[in-house]
Amino acid sequence: MPHSAPLSYDVILIGAGPAGAACALALRHSGLRVALLDKARFPRDKVCGDAIPGPALKALRKLSETFYEELRALQPRADTQTSRLVAPDGGEARVQWQLPTFSSPRQHFDHHLLNLVRRHTSTVILENYAVRDVHTDAHHATVLPADGSAPLTAALVIGCDGANSVAARKLLPRPVDRNYNCAAVRAYYRGIQGTDEQTTEFFFLKEYLAGYLWIFPVGDGTCNVGFGMVSDQIAAGQVNLRDTMLELLGRHPELAPRFARAEQLTPVVGFGLPLGGTPRPISGPRFLLCGDAASLIDPLQGHGIDTAIESGILAAAQVQRCFAKQEFGAAFVQQYDREVEENIGRKLTRSYRLMRFFADKPWVVNAGFRVARQPLVKKWLLKLVG
Ligand SMILES: Cc1cc2nc3c(=O)[nH]c(=O)nc-3n(C[C@H](O)[C@H](O)[C@H](O)COP(=O)(O)OP(=O)(O)OC[C@H]3O[C@@H](n4cnc5c(N)ncnc54)[C@H](O)[C@@H]3O)c2cc1C
């Protein structure tokens, strides 16, 4: 930590991924002393599919047209026009996206987002700052660094530290529920036959229906290829995601010839996805949780960059309400939980029900793909998945 950095702030954001960066951007005019901490030094990798959902860009654009324009200039990236969905029986449907959306490696996207914070806010950014513990009392929140140096204090702490959040573990401990968790693996490839930069592809597989395999072009001829499933089904089927993905790429009737001459650029690596779909507390005295730390990933599609950004922005609004009223207690901050439930949670609950409905019915999925080619059904589906 730089010697000049203060030890006391109004707000401390733990984690500089999409949730933390969006919260810092949304606090830019608040006049509050904000610190944004991350254990990594950016640019850093984040295991992800790298598809930046349209609503993520829309939320940042609502904050500022400049943020949007600067993000749209990001390189490398592949602008997505269409998604191709392949059913277990090989039937396919295509979705034409209405909101502008792109895929770009998180290493670049998150770095770019953090640079927006650097350029457009007076946030104190502390990289290489791993948090070991967080606690709150009647007077302040205290953040303890892993290196044993002096703790930081603030009136409010916002946990944006992802799927293995220290903030969530310390401030709102609850057991991991495999029904509301997913795991996924990914690797970068080059030279896959038949890809097109503007089309993301999803393959639904009979044996692994509560999940899918994806191919997302991310620019420069590179594709992010991954495979994920709900954790209870991984445990029930003893599925090794890495081996299964490599095996599928070698034997699936469409994928095998397309991958025959492809070059795998990186090892297959995995990470957890804490799913939304059931209302749960995400705040308490002097703290709020955002993004993956608040378990806000869409259970049907597996995206969470949009909900991380949206919840970060909602948290910033709550932070400003707290300072305006000088109220930091559990009852007052609960307005944040209600807003997240209203704006994000309800959609996630619908997605969760759909995911569970389809999970054991391959024939419904196959039939659904045929019906989905009808223009009216297509329109309805598009509305449903955003
Ligand atoms: C395999 C996979 C594929 C996915 N594909 C997609 C996709 O294509 N599109 C999509 O929208 N979503 C996808 N997701 C979900 C998406 O990655 C997350 O929802 C999103 O990153 C959440 O953002 P966040 O800011 O909450 O957390 P993160 O992006 O995880 O950021 C958390 C930050 O906190 C920091 N941190 C963690 N612990 C500490 C600590 N103790 N001290 C200090 N800092 C800490 C980390 O270094 C990190 O920078 C995928 C997830 C996985 C695992």
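## Domain layout

Which domains does the domain assignment of the protein give? The assignment gives domain 1, made of 8-76 + 103-177 + 275-357, and domain 2, made of 178-273 + 360-385. Please keep in mind as you look around that this is a predicted model.

Taken over C-alpha atoms, the centres of domain 1 and domain 2 are separated by 27 Å. Domain 1 puts 29 residues into the contact, and domain 2 puts in 30 residues.

## Where the ligand sits

Let us turn to the ligand. Both domain 1 and domain 2 give residues to the shell around the ligand, so the ligand lies between them. There are 37 residues around the ligand, and those that come nearest are Asp38, Gly49, Ala51, Arg106 and Asp292. By residue class, the shell divides into 20 nonpolar, nine polar and eight charged residues.

Ile305 takes part through its backbone, with an N or O atom 3.0 Å from an oxygen atom of the ligand. How much of the ligand's exposed area does the protein bury? Taken alone, the ligand exposes 1,000 Å², and the protein buries 94% of that.

Among the contributors, β15 supplies the largest share, with three residues.

## Helix α1

How many of the nine residues of α1 are buried? The helix is mostly covered, with nine of its nine residues buried. These residues are Pro18, Ala19, Gly20, Ala21, Ala22, Cys23, Ala24, Leu25 and Ala26.

The packing partners of these buried residues include both strands and helices: β1 (8-14) and β2 on one hand, and α2 (54-63), α3, α4 (106-120) and α9 on the other.

Next come two residues, one in a loop and one in a strand. Arg77 is found in the loop between α3 and β4. Is Arg77 buried or exposed? With a relative accessible area of 17%, Arg77 falls under the 20% cut-off and is therefore buried. A polar atom of the Arg77 side chain lies 3.1 Å from the backbone oxygen of Leu74, and the Arg77 side chain also makes a polar contact of 2.9 Å with the side chain of Asp79. Not counting residues up to four places away in sequence, Arg77 touches Arg72, Phe102, Ser103, Ser104, Glu197, Val218 and Gly219.

Ser83 has its place in strand β4 and counts as buried, at 2% relative accessibility. Which side chain is joined to that of Ser83 by a polar contact of 2.6 Å? The partner is Thr200. Leaving out residues up to four places away in sequence, Ser83 touches Ala93, Arg94, Val95, Trp97, Thr199, Thr200 and Phe202. Ser83 and Phe203 are 120 residues apart along the chain, and their C-alpha atoms are separated by 11 Å.

## Backbone details

Most residues other than glycine have a negative phi, and most peptide bonds are trans. A cis peptide bond joins Phe42 and Pro43, with omega about 0 degrees, and Pro43 sits in the loop between β2 (34-37) and β3 (51-52). Gln75 and Pro76 are also joined by a cis peptide bond, here with omega about -10 degrees. Pro76 belongs to the loop between α3 (65-72) and β4 (78-86).

Ser295 is not a glycine, yet has a positive phi of about 55 degrees. Its loop runs between β17 (287-289) and α9, and Ser295 counts as buried at 8% relative accessibility. Gln326, again not a glycine, has a positive phi of about 50 degrees. Gln326 lies in the loop between α9 and α10 (330-359) and, at 55% relative accessibility, counts as exposed.

Definitions and conventions
Residues are numbered from 1 along each chain as its sequence is written. This is a predicted model: local features need pLDDT of at least 70, side-chain atom pairs count only at pLDDT 80 or more; totals for chains, interfaces and linings use all residues. Side-chain values use heavy atoms; hydrogens and water are left out. A residue is near a molecule or strand if one of its heavy atoms lies within 4 Å of it. A polar contact is a pair of N or O atoms within 3.5 Å; within protein, one must be able to donate a hydrogen and the other to accept it, and residues adjacent in sequence count only if both atoms are side-chain atoms. Accessible areas come from the Shrake-Rupley method with a 1.4 Å probe; for residues, only the protein chains shown count as cover. Helices (H or I, at least four residues) and strands (E, at least two) are DSSP runs, numbered from the N terminus. Ala, Val, Leu, Ile, Met, Phe, Trp, Tyr, Cys and Pro count as nonpolar, Asp, Glu, Lys and Arg as charged, and the others, Gly among them, as polar. Domain bounds come from an automatic or database domain assignment. Buried means under 20% relative accessible area, exposed over 50%, partly exposed in between (1.4 Å probe, protein chains only). Contact means heavy atoms within 4.5 Å.
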